[in-house]
Amino acid sequence: MFADNLPGLPSVIRPSSGGGFWVGFSGIREENRFSLLDWFSSKTALAKAITKFVPMRMMSWIAYRSYGLVVELDAAGSIIRSLHDPSGHVLPSVDAIEEYDGFLYIGCESRDYVTKVKL
């Protein structure tokens, strides 16, 4: 295992210029709030049966509120920085990431634009 106990459901991983990785999340875990996906993680057979009928993208939409989150992991899998959109208005989830020339380009399936963040 490379990285565990992450703050949400990872949806994309891309290399970072620092030798680590950018990870985008389709949903986040919230302290003191029930997580349907965490509950399913201990019930593997049930989760497999349900995901045959309900796509994982739909499961994360049901289980998590909109919250844009990208973390940078070092080569050992530890979080070294994070970028947040807690309102979820600009990025309700993260489906694509690309680092290029000092900027991070972030995409979301439900938006018709790409967000550009200076690093």
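**Figure 1. Overall view of the protein chain, which has three helices and seven strands.** Helices (H or I, at least four residues) and strands (E, at least two) are DSSP runs, numbered from the N terminus, and from that end the elements run β-β-α-α-α-β-β-β-β-β. This is a predicted model, in which local features need pLDDT of at least 70 and side-chain atom pairs count only at pLDDT 80 or more, while totals for chains, interfaces and linings use all residues. Residues are numbered from 1 along each chain as its sequence is written, and side-chain values use heavy atoms, with hydrogens and water left out.

Figure 2. Rings of Phe, Tyr and Trp (its six-membered ring) pair if their centres lie within 6.5 Å, and planes under 30 degrees apart count as stacked, over 60 as edge-to-face and the rest as tilted. The ring centres of phenylalanine 2 and phenylalanine 21 are 5.6 Å apart with the planes at 80°, so this pair is edge-to-face. The pair links distant parts of the chain, since phenylalanine 2 belongs to the segment before strand E1 (8-15) and phenylalanine 21 to strand E2 (residues 21-28), 19 residues apart.

Figure 3. A charge sits over a ring if NZ of Lys or CZ of Arg is within 6 Å of the ring centre and within 35 degrees of the ring normal. Lysine 116 lies over the face of phenylalanine 103 at 4.3 Å from the ring centre, and lysine 118 lies over the face of phenylalanine 103 at 5.2 Å.
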